Amino acid sequence: MASILAVDDSASMRQMVSFTLRGAGHDVQEACDGVQALEFAGQKKYDLVLSDVNMPNMNGIELVKELRQLADYKFVPVLMLTTESAGDVKAQGKQAGATGWIVKPFNPEQLLSTIKRVLG
Amino acid sequence: MSIDLSQFHQIFFEESFEGLDVMESQLLDLQPQEVDAESVNTIFRAAHSIKGGAGTFGFMQVSEFTHVVETLLDEIRSGTRSMQRNYIDLFLQSVDCLRAMLGSLQSGSEPDGERAATLKASFEKILQQSADSDSQVTEEKPTVADEGCSNGWRITFRPAEDILQTGNEPFRMFRELQELVGADNLTVIPLTDNLPEFTSLHPENCYLSWVLEVRSDVNRDDIAAVFEWVADDCDIDYQPLSVAAAPDIPTADTAVTEMAESAVSTDSTEPVSAVIPDKVSEALSASAAQQAKPAARTAGKSNEPSSIRVSIDKVDSLINMVGELVITQSMLGQLGQDFDMSRLARLQEGLTQLEQNTRELQESVMKIRMMPISFAFSRFPRLVRDLGGQLGKQVNLVMLGENTELDKTVMEKIGDPLVHLVRNSLDHGLETTEQRLAAGKPGEGTITLNAYHQGGNIVIEVKDDGAGLNEERILNKARQKGLVPETQELSSEEIHQLIFLPGFSTADVVSDISGRGVGMDVVRRNIAELNGSIEVKSKRGKGSTFIIRLPLTLAILDGQLVKVKDETYIFPLVSIVESIQLQKRSLNHVTGSQYVMKLRDEYIPIVRLDELFNLRASDDEFENPMLVVVEGDNEKVGIVVDDLLGQQQVVIKSLEQNYKRVTGISGATILGDGTVALIIDVSDVGKNLDKSAKGQSRSDQAA
């Protein structure tokens with residue numbers, strides 16, 4: 001049972017992710033872009049952040065960079081939800097401080113098993 | 001745990017359609033010469049989301065098709081390829097194709113794969129032509145040779161110093177590895193050779209390295225998967241264990257815990273030492289996450305009930321009103337418990353307050369269904385662009401009042417008539433560029449869509465600066481078709497109205513664009529069904545304007561209450577032309593039992609509601625009858641009633657749903673005193689007229 005911040009500009013993905021995570025007993029806060037995510041992150045320390053890469057206003061890479069500047073979020077796992085199979089985006093994410101990635105499309109089972117890796 | 005993904009389909013479709021709208025409007029604004037990076041980004045993002053969602057929810061056809069669209073967009077976005085006009089066209093076609101595919105999927109049918117395949121081939125052709133600079137090479141993941149079937153592995157894991165700051169915890173990876181191979185088969189030995197002097201030790205860094213021995217027959221790929229996220233920044237070395245090399249490390253099963261302890265002990269002298277476990281548990285015990293969702297929206301169910309997006313402000317104001325209503329109610333309730341006449345003033349005050357609350361609540365609820373007309377207008381830039389191209393006309397589309405709000409149902413139903421009017425203006429209204437230049441006009445024609453509120457109505461204008469209606473041709477056509485007698489002279493306005501008659505089309509050649517058998521009469525009927533009206537103003541050589549008037553909502557109607565015998569009926573206020581005192585002597589009897597009346601220079605048929613609804617014995621006569629002149633289907637009808645009562649807004653209840661359809665009645669409502677009043681269907685009443693009387697009235701008019 002963990003508190004998770006799920007960031008995606010696509011409402012269907014957000015719903016799918018949060019439904020899956022809530023079903024597994026986690027607390028989920030949804031945010032629709034990096035700016036909103038930062039706002040939530042400023043109010044509370046979440047155990048895990050899941051973020052899409054391509055988003056308006058502030059994308060996922062920028063979000064990780066910003067998060068890592070916050071004292072509370074120095075070590076919090078941040079996973080990028082990415083469709084890019086090319087290493088490019090993954091490398092950018094890693095460089096920005098992301099913990100890892102989940103490649104879209106993923107199914108609920110894959111999502112749960114991946115976050116189990118970082119939550120232990 | 002298995003989750004039914006179909007519950008998210010509806011919302012996926014909704015957001016995909018929205019994304020497609022965004023793509024379309026951005027594409028239409030795009031100039032190939034000067035591509036705005038942000039627009040391309042927005043278009044890319046929309047395509048990207050659709051692809052991701054489609055893949056996740058199992059619509060592989062959509063996902064595969066969107067993939068090629070996205071790839072080309074990505075090349076343009078990253079600058080390896082420049083935007084070209086034919087790309088824009090191709091993207092626009094893809095938007096249409098995706099819209100169709102998603103539409104069929106939404107209705108549960110199989111999408112048309114052929115169109116997608118054709119488009120996909122075009123994309124692939126473009127993509128194969130090497131882009132401006134080097135073509136993108138999709139980086140194949142270096143596949144590690146499968147070296148399974150060994151006795152195990154010795155892994156030397158030297159993480160980057162800042163590994164913890166990316167949220168990666170070596171301990172977690174070891175635990176995962178332990179789960180993979182079993183605790184008995186894993187030995188973890190920490191290496192402290194890199195540990196600095198205490199004074200130069202940074203508590204947030206990781207100075208340890210580890211040797212992990214896996215004594216189990218696992219694939220190297222499976223182990224590598226554990227380190228997938230850190231493989232690029234960390235030094236990981238895999239050595240197969242030879243059969244002979246017996247493990248000389250003791251207490252394998254406790255190794256993991258030892259490791260954890262040693263990891264902590266290295267920097268336990270620092271106060272911030274146990275920073276990770278501490279922070280995690282702190283976060284775990286933190287209060288439950290707020291569940292407030294960023295936008296109020298109803299979760300779509302799989303069998304698509306139509307949903308509506310409402311801004312949070314509207315919902316808040318609604319909640320606020322309900323709050324006030326509750327206060328008023330409790331005040332009145334208290335007053336009712338021990339009421340005497342001395343408190344009459346308070347009661348009246350309370351009732352006034354209640355009235356105000358109710359009115360405000362009603363307005364707020366109505367606002368929820370209101371959407372800006374830009375939803376209906378948004379399709380026109382594309383339509384005008386495509387049609388203008390087809391017809392070889394240069395057209396400038398101007399849209400005004402896009403934020404004017406109207407009811408969602410009205411919005412949905414006004415779309416088609418508007419499309420028809422705009423097509424009509426483009427096809428018949430605007431001249432060709434040559435003709436325009438010859439007439440001394442700018443070569444580019446202008447079509448203006450304008451929406452604004454006027455009283456309780458919304459007015460939508462479709463205006464062109466074309467040639468205007470050709471009155472001569474319209475009149476000739478009408479005479480030809482026998483719609484107007486040869487001898488009859490008509491004013492300009494009357495001629496303009498002719499285009500709304502059934503079976504009327506002036507286009508000599510039925511073109512692909514308008515005149516597909518759907519004429520202006522259908523447009524008028526559609527608008528009449530919404531309790532609206534349409535008129536046309538035209539000036540030869542200057543252009544035409546079609547003016548549509550619609551009620552803001554279908555749920556509430558501005559009504560005129562009338563009395564017939566002991567019954568109360570309601571006329572839609574919009575349909576009433578005028579109400580006059582009926583003079584018996586101005587009534588004429590024509591063939592059959594049909595009365596007509598000469599009103600100014602026009603003969604109008606008269607309908608007695610009491611006769612129509614069998615309310616009165618034949619010998620019983622009106623005492624002081626009123627005549628309500630109404631207009632439905634462009635036909636004026638005079639309706640005789642006993643008296644005019646007040647005007648008020650009434651909430652429309654369906655008669656069909658609650659009882660059955662009744663000719664001449666469009667619905668019912670409940671009045672303040674609790675009685676049911678029927679709402680008159682004006683055009684239906686007009687249809688009941690004796691046909692011969694109609695003909696008679698027209699020829700009288702001609703005489």
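Chain A has five helices and five strands. Here helices (H or I, at least four residues) and strands (E, at least two) are DSSP runs, numbered from the N terminus. Read from the N terminus, chain A goes β-α-β-α-β-α-β-α-β-α. This is a predicted model, where local features need pLDDT of at least 70, side-chain atom pairs count only at pLDDT 80 or more, and totals for chains, interfaces and linings use all residues. Residues are numbered from 1 along each chain as its sequence is written, chains are lettered from A and ligands numbered from 1 in the order in which they are written, and side-chain values use heavy atoms, with hydrogens and water left out.

Stay with chain A. Of its 120 residues, 68% are buried. Buried means under 20% relative accessible area, exposed over 50%, and partly exposed in between (1.4 Å probe, protein chains only). Contact means heavy atoms within 4.5 Å. Take the contacts in chain A between residues at least 6 apart in sequence: 63% of them join residues at least 24 apart. The accessible surface of chain A is about 3900 Å². Carbon and sulfur atoms hold 50% of that surface. Such areas come from the Shrake-Rupley method with a 1.4 Å probe; for residues, only the protein chains shown count as cover.

Now the interface. Chain B brings 50 residues to the contact, and chain A brings 54 residues. Together they bury about 4700 Å², with 53% from carbon and sulfur atoms. Buried area is the accessible area (1.4 Å probe) that two parts lose on being put together, summed over both. Three salt bridges link chain B and chain A. A salt bridge is a side-chain nitrogen of Lys or Arg within 4 Å of a carboxyl oxygen of Asp or Glu. B:Asp233 and A:Lys94 form a salt bridge through their side chains, at 3.4 Å from N to O.

B:Phe339 lies in the loop between α10 (312-337) and α11 (344-368). Its relative accessibility is 36%, so B:Phe339 counts as partly exposed. B:Phe339, B:Met341 and B:Leu344 make a nonpolar surface patch of about 290 Å². Patches are made of residues with over 30% relative accessible area and no salt bridge; like charges are joined within 9 Å, nonpolar side chains (Val, Leu, Ile, Met, Phe, Trp, Tyr) within 5 Å.

Last, the cysteines. How many disulfides does the structure hold over all chains? The count is zero. A disulfide is a pair of cysteine sulfur atoms within 2.5 Å. The cysteine sulfur closest to that of B:Cys206 is in B:Cys234, 8.4 Å away, too far for a bond. B:Cys206 is buried, at 7% relative accessibility. B:Cys97 is also buried, with a relative accessible area of 1%.
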